[in-house]
Amino acid sequence: MVVLAVDLGTTATKVVAVDAQARVVASTERAYPMRTSGLEATHDPKQVLAAVFDALRELASEDVRAISLTGAMHTIMGLDASLQPVTDALSWADNRAVVQTERLRGTAEGSALHQATGTPIHSFTPLMKLAWFHENGVRAAKWCEIKDYVHLHLTGELLNEHSSGSGTGLMNIHTLQWHEPSLEFAGVTADQLPPLVEPTHSTPLTAAIPGLRPGIPVVIGGGDGPLGNLGVGAATPGAGAVSLGTSGALRVAQQGPGVDEEGRTFSYAIGEGLWVRGGAISNGGVVAQWAAETFGIPVGELLTQAAGVDSDGLVALPYLLGERAPWWDSTAHAALLGLRREHTPQQITKALVEGVCQQLALVLDAVPNVESLRITGGAFRAPIWAQTLANTLGMPLHLTEDTGGSAVGAALLAYRALGEIESLTVDLVTPIQTITPDEKLVERYAGARPFVVKAYRALEDLYGESHL
């Protein structure tokens, strides 16, 4: 018995066969382009749909008991009255709504929307993208996320759920309904959005896929971030997960929703009353890639060299791609403070790694009652990342294999829907390594963190000026 988990990524869809012990037994993926132009980043919905069906056909078998969905959060697309696309699917990376965001960011209205919806005021959110569409005269009969569109073509039903919905800026995390003040700001009505259901909600498969039995359950699933916690066994309240690839995120499970009063964190649903609280950062392994390209040293070699050096007073604000948590500032730029002629490429790289880890520490500082942290992601193949992060967060880190992540989480939702597991807090993942912090460096990094905050605040007002 297996579940096929469909993970709708930014550059490819992955379909993963997962057994009831959360083991990945087979996987395949289909790539597609993300089209970028200026601040825009979009997908062709029909290309994504074709990739999903092609990948499902490859792994189809009589052993498949259900299909479950997950994918990148914060997407949005328009449909006409016959549910055909009238816009491309805007990716989370689409930042065309910067003007609308800056108008709301830092206001009492923006703070109220953040507290009600659990979603920060940032240009990546569907709330802001819909406001941009509205102000630019783009209309649609229905608006949905790309995962909703795939679900429609698998089942004939257009639905959203509380997990992805909690990342839109349009859903009230306390009532689990579309939030009227958000809808008014975005220029849409509730009947233009799909009905909201539990992430474990299932609908019979109506699409004809050779090798799959008609009518098997299609579990609607949830967003890749919160399901990433589920997939690495960090869904028990107090258990946290850090993922680090090109970008990164720190999310801690808790019972019920909630964000901090300063608006530093998001609050996204896993399902059945479990939520994650935390933040995503825009700059992770990308800083090492940038340094390697700049200095002409292979990235693995550069990171190995940087592991043994001291950054020697150099402090990096690593905002090469703007920044999300805890600032949620798409206008932010990177800076190297204290740079001197004698600083080496290795010291600059070490400062950049430390800067990324300090951002994750600032997110951790905004989340209460964190008892443990599991880490996963391609960046951790270089030991410098895990050790620097442990020293910065001041906690042991439990490394898990980067095998399925969000897809495994989606599969576990399906097994819960099928009654095969008793709770979403089940932990079927065994970490492969524990990284222990160096207490002397813990104290050093904690002492430096207020300077990072002060440096960002000092530059914040300058980021919007045209010469930057």
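**Entry 1: arginine 57 and its partner.** I began with arginine 57, which is partly exposed, with a relative accessible area of 41%. The model I am reading is a predicted one. I then looked up the salt-bridge partner of arginine 57 and found aspartate 54, with N and O 3.7 Å apart. Aspartate 54 is likewise listed as partly exposed, at 32% relative accessibility. I noted that both residues belong to helix α1 (residues 45-59) and are three residues apart, about one turn of the helix.

**Entry 2: glutamate 161 and lysine 147.** I next turned to the salt bridge between glutamate 161 and lysine 147, where the closest N and O atoms are 2.8 Å apart. This pair links distant parts of the chain, 14 residues apart: glutamate 161 lies in strand β10 (residues 160-161) and lysine 147 in helix α5 (residues 146-155).

**Entry 3: aspartate 260 and arginine 264.** I recorded a further salt bridge, between aspartate 260 and arginine 264, with the closest N and O atoms 2.7 Å apart. Aspartate 260 is buried, at a relative accessible area of 6%, whereas arginine 264 is partly exposed, at 22%.

I then looked for salt bridges that share partners, and found that they join Glu102, Arg105, Asp329, Arg457 and Glu460 into one network. The count of salt bridges for the model comes to 23.

**Entry 4: threonine 13.** I located threonine 13 in strand β2 (residues 12-18). Threonine 13 is buried, at 0% relative accessibility. Which side chain does the side chain of threonine 13 meet in a polar contact? I found that of tyrosine 32, at 3.0 Å. Leaving aside residues up to four places away in sequence, I listed what threonine 13 touches; among them are Val6, Leu8, Glu29, Tyr32, Val48 and Val52.

Entry 5: I consulted the UniProt record, an unreviewed entry, which lists residues 3-231 as "domain: Carbohydrate kinase FGGY N-terminal". Over residues 3-231, I noted that the chain is 31% helix and 27% strand. The end C-alpha atoms of that stretch are 14 Å apart.

Notes: Residues are numbered from 1 along each chain as its sequence is written. This is a predicted model: local features need pLDDT of at least 70, side-chain atom pairs count only at pLDDT 80 or more; totals for chains, interfaces and linings use all residues. Side-chain values use heavy atoms; hydrogens and water are left out. UniProt positions are given in the numbering used here, feature names are shortened, and annotations may be inferred rather than shown by experiment. Helices (H or I, at least four residues) and strands (E, at least two) are DSSP runs, numbered from the N terminus. A salt bridge is a side-chain nitrogen of Lys or Arg within 4 Å of a carboxyl oxygen of Asp or Glu. Buried means under 20% relative accessible area, exposed over 50%, partly exposed in between (1.4 Å probe, protein chains only). A polar contact is a pair of N or O atoms within 3.5 Å; within protein, one must be able to donate a hydrogen and the other to accept it, and residues adjacent in sequence count only if both atoms are side-chain atoms. Contact means heavy atoms within 4.5 Å.
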